[in-house]
Amino acid sequence: MKINVDKLNIAMAEKCWTNQELSKKAKISLVTLTMIKANKRNFQAITVGKIAKALDIPVSELVEQED
């Protein structure tokens with residue numbers, strides 16, 4: 001799954017969270033979050049789910065639609 005970084009940044013801004021805060025609340029490493037935000041690769045559904053759950057938004061709001 002590929003995360004839409006713009007949507008992720010908007011969701012983080014709405015919570016006024018830093019990368020460190022999101023990584024802690026989502027229980028993912030800061031390195032993983034940094035890689036997500038750099039669009040380095042696709043991630044497992046569980047990682048996307050953890051981020052969405054921490055941000056209290058549906059996964060569908062974060063996932064980039066693939067053609």
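Author: Helices (H or I, at least four residues) and strands (E, at least two) are DSSP runs, numbered from the N terminus. The chain has four helices and zero strands, in the order α-α-α-α along the sequence. This is a predicted model, in which local features need pLDDT of at least 70, side-chain atom pairs count only at pLDDT 80 or more, and totals for chains, interfaces and linings use all residues. Residues are numbered from 1 along each chain as its sequence is written, and side-chain values use heavy atoms, with hydrogens and water left out.

The pair is helix H2 (residues 19–26) and helix H4 (residues 45–55), which pack at an angle of about 105 degrees with axes 8 Å apart. Axes are lines fitted to C-alpha atoms, for helices over the stretch in contact, and angles run from 0 to 180 degrees between N-to-C directions. H2 is therefore roughly perpendicular to H4 (65 to 115 degrees). In contact (heavy atoms within 4.5 Å) are Leu22, Lys25 and Ala26 of H2 with Lys50, Ile51, Ala54 and Leu55 of H4.

Leaving aside residues up to four places away in sequence, Ile51 touches Ile3, Leu8, Leu22, Ala26, Ile28, Ile36 and Leu62.

Technical notes. Angles under 35 degrees count as roughly parallel, over 145 as roughly antiparallel, 65 to 115 as roughly perpendicular and the rest as oblique.
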